Amino acid sequence: MGFVSRGAWPCGRGGGRAGAPARAGGGGGPGGRRDAPAEGAASALGDWRGQLRASGLNPALAWSALAPAALDARVDARAVDPNAAHPAIDIDARVAPAGRQPRRSAAEAWRLRELLLQGRWQPGDTPGQGQLTLRQARLDALDGVLNAQGRIDTARPLAEGSLDATLPGLRARWSGLLAHAQGQGELNLDLADGARLLAWVRALGEAPLLGDHLKPVLAALADGQAEGQAQARLRWQGGLGAFGFPGPGRAAAPRLDLSLGTERLRLARGGDAPLALELGATRLSVQGPPEALALALRTRAEASGWRAELDTAGELGFIGLPLDARRGQLALSRLRLSATPTGNGQGAGQATAGGNGGAVSWTLTSDSPLRARWQPRAGAIDAELDGARLHAQPRRAGGAAPAPLTLAWEQLIWRGGALQTRGRIEGLPLAWADALTLSEEDPEGALARAGLGGDLVFDGRWDLNLPAQASEPPRLSALLQRRGGDLAVQTLGAFDDPRASAHRIQAGVKTAELELRTEGRRVSARLRWDSERFGQAEADLGSELAPPDATHGAWHWPDSAPLSGRVRASLPEVGVWSVLAPPGWRVRGSLGAEFNIAGTRAAPQLTGLLEAKDLALRSLVDGIVFRGGELRATLAGERLVIERFRLEGRGGAERGGVLQATGSAEWRRVQRDGATVREPLIALDVSAEQLRASSRPDRNVTVSGQVSARLEGAALRLRGQLRADQALIVLPDEAAPSLGDDVVVRGTEYPIDRRGGVPVVPDVRITVDLGPSFELRGQGLQTRLAGQLEIRTNPPDPAPRIVGEVRTARGTYRAYGQQLAIESGVLGFAGAYDNPLLDITAVRPNTAQRVGVQITGTAQAPRVRLFSDPEMPDSEKLAYLVLGRPASGAGAEAAVLQQAALALLAGSDGGPLDGGLAQALGLDTLSFTGSSASATGDSGSTSAAVTLGKQIADNLYLSYERSLAGTLSTVSMFYDVSRRVTVRARAGSENAIDLIFTLRYD
């Protein structure tokens, strides 16, 4: 063995130096020391000692990928018991950064603080074997600290000692003995901060030398997240030969004791397949030998929008020596799994658990042990699950839980890539349909929203065989049939019952059965339905599966698969289906259908007949009643032809008129932008003959005419002529109560899903003739309307436009307490439907002076003015309009005129003449005066008084005035003899008859 004399080594550009003194047995005597020769000296095996000191070492000279650094190193080695056959070697080595480092030092990149090794190597009889004893080993680098001590014997082999690792967010400690046939030990892991540990692991990808090898492995953690704490402890007693630890002979498997716990641990992954898993209170315990491990697990987890709780216990065993995880068995003696949607993901039966009482939790339990076995087979795994039973039950928060479902299988085998399973379903309740369709937007469920319910229960069975060879078709036989119970439908009463009393009708289900079967490539489905009130239905459908191809890796149902089948349905009473109609509507009648199915899956062809008899529709809210309806339609391929559709209005054909329609509809294929798409083509011709379209007391309309409609893709074309044979429209009173704009009645409106929809482009030309008897009443107006309007829309601008005019005939309008005669009234439409031109003249009839009101302008900006013939001041016009005579100056008349003037200026007449109290009492005048002349003409009276007045006729007015301060009262009567002569008679505190002659001049 050669040594280098104490001298200088060039250590890179940093000018580092190294020295290596050596000492060998020989001259110098015991304890003596002599430096080795400078060059080429060799020491005989025996007592020897060596030292190496280096300062400023630059690792970049050895590894060019490293940045320059300055390291100090010390290595001491010596022989122990040199006279032995195999002398041992003591080693004491230490490497640490030098005091001064170059810029961008590799030592800083490694974050190296210290590397320490103290131990002894004892060679064995066989070269390369021996025992390494570590008194102390320490590595402080990359923000982690590793301490180890113990011994490793490569000859026996075994390892004994302890290992302590401290990393950012993690503390690990191991101690024990690892050997083939015997041993014991303990491993403790304490995760204090998952986020810090994950960040440290990611940073290893930037470490010198190691980073290039670790980056491919760490790429999967690039978008990962980890938060929380966890603890784990593993103890073992016995040798590890069963796990493949080298050693002679066969060794028994050790006894294991594993426990794992956490209060909160969150793991997440982004990318194309994001996943977020959060563990709550979790306790895992595994005890026993590997062939019989007692397993117990309790955990709370949240992932993919679900919150789950699992409680299970059983026995897990790995078979054979050495142990192989691919061969084993599992027997669960206890299983309870509950899951509740959290509203943060997509899933069936989903609702927002927080703050939403409609959330549904699911519970899965077993009443018998679950036993499974698996073993390797030609590079794959064969598995088998013994027959067992599971119970599943949904439970809605705050609601009753439906009956549980029992899922039982006789066998479940996966062997050589083939799946065989056979079993049955027992007690599947219809109420599960609501539990599976609950969502935040639909907290009731599909059945409850449709008014369906009941205690209908189904049983089912299945037999499935999926061959391992892709060329062989799967085999399936599945059946779902009624076991008991009935279907209940909620209705609003009988068709002719005006009361909206909700009650349930039992369907009287006798048979409900659905079967699906495959034989080779052939697939067949069969449906049978029979009930007392919901009629009967039979359906048989057949098709074919296609083998795997370049697009599909398994057997599938292609678009080109042929179809064959037949459907027959008979619904003798469809009145129960009123629950499916809009609110307030009721339906009655009988329906029958029989058609054949052909074509392909992508283009089914239907041929047959659809008939309905004794149809009746009724809307209690809209006053729509149709009876005696008939429908006959034929199906021809993808086309539906309506040969006859007829409805009679209220009172039959003679009194209520007739509505008839014919047409066709199809879903045709067209070319759009080089692609084949499906678009609707609907053509409909509708005719009405004196049809009572509405018979509500305030909306009674009878119409006749023809309308043709054609929808071609998104283009809608409407043409027609309608005539109102008779109509009565009563406008609602302005004082009628109504809900405010900020009030929303929940459940009456549903949002329209416009995703993927195409807006319809209307082209409308419909002429509406108001006819000879179109009467309008309400809000003081009573008149007959006449005229003709044309409703138009142009494809570029879908907003409706109206052209034409509406005229009044022999109408009256009540204003300021008087019935004004409408001499002329015209509403002219020249575009916007909500802003017609106004030209209305209303006069007070049978007065000495012709006075009235003229309204011009538009509906959105009307102009109102008073007029008279001959012309007179506005105050006199107002007096004649309100009182029918000149104003006398009395307090009551002044109050009346004042209120009328204010109403005129405000655009309405809400004063005392049309006030609620005066109108309720049938009076024209009701006023209070505090200090005004009385009707007696006594100017000195200043007492408060109440005046009541009534226009008996056009030329006769009667008033009564009562003093509130005394007993004075006066009755006055005004009679207009002519336009210039008025007789006034008074009785009470003063009795008199006056003859008033009026002469007007400007």
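Which backbone nitrogen does a side-chain oxygen of D193 reach at the start of α2? A side-chain oxygen of D193 comes to within 3.1 Å of the backbone nitrogen of A195, where a polar contact is a pair of N or O atoms within 3.5 Å, one able to donate a hydrogen and the other to accept it, with residues adjacent in sequence counting only if both atoms are side-chain atoms. This is a predicted model, in which local features need pLDDT of at least 70 and side-chain atom pairs count only at pLDDT 80 or more, while totals for chains, interfaces and linings use all residues. Residues are numbered from 1 along each chain as its sequence is written, and side-chain values use heavy atoms, with hydrogens and water left out.

**Helix α2**

- In α2, a helix of residues 194-203 (helices are DSSP runs of H or I with at least four residues, strands runs of E with at least two, numbered from the N terminus), G194, L197, L198 and W200 are buried (under 20% relative accessible area, 1.4 Å probe, protein chains only).
- These residues lie on the same side of α2 because they cover an arc of only 160° around the axis, taken from the directions from the helix axis to the C-beta atoms.
- The buried residues of α2 pack against β9 (158-167), β10 (170-179), β11 (184-191) and β12 (224-237), contact meaning heavy atoms within 4.5 Å.

**Aromatic rings**

- The structure holds one aromatic pair, formed by Y957 and F974, which is tilted at 6.2 Å centre to centre with 50° between the planes (ring centres of Phe, Tyr or Trp, for Trp the six-membered ring, within 6.5 Å; planes under 30 degrees apart are stacked, over 60 edge-to-face, the rest tilted).
- The pair links distant parts of the chain, with Y957 in strand β52 (residues 956-963) and F974 in strand β53 (residues 969-976), 17 residues apart.
- Y957 counts as buried because its relative accessibility is 7%, and F974 counts as buried at 10%.
- R601 lies over the face of W557, at 4.8 Å from the ring centre (CZ of Arg or NZ of Lys within 6 Å of the ring centre and within 35 degrees of the ring normal).

Technical notes: Buried means under 20% relative accessible area, exposed over 50%, partly exposed in between (1.4 Å probe, protein chains only).
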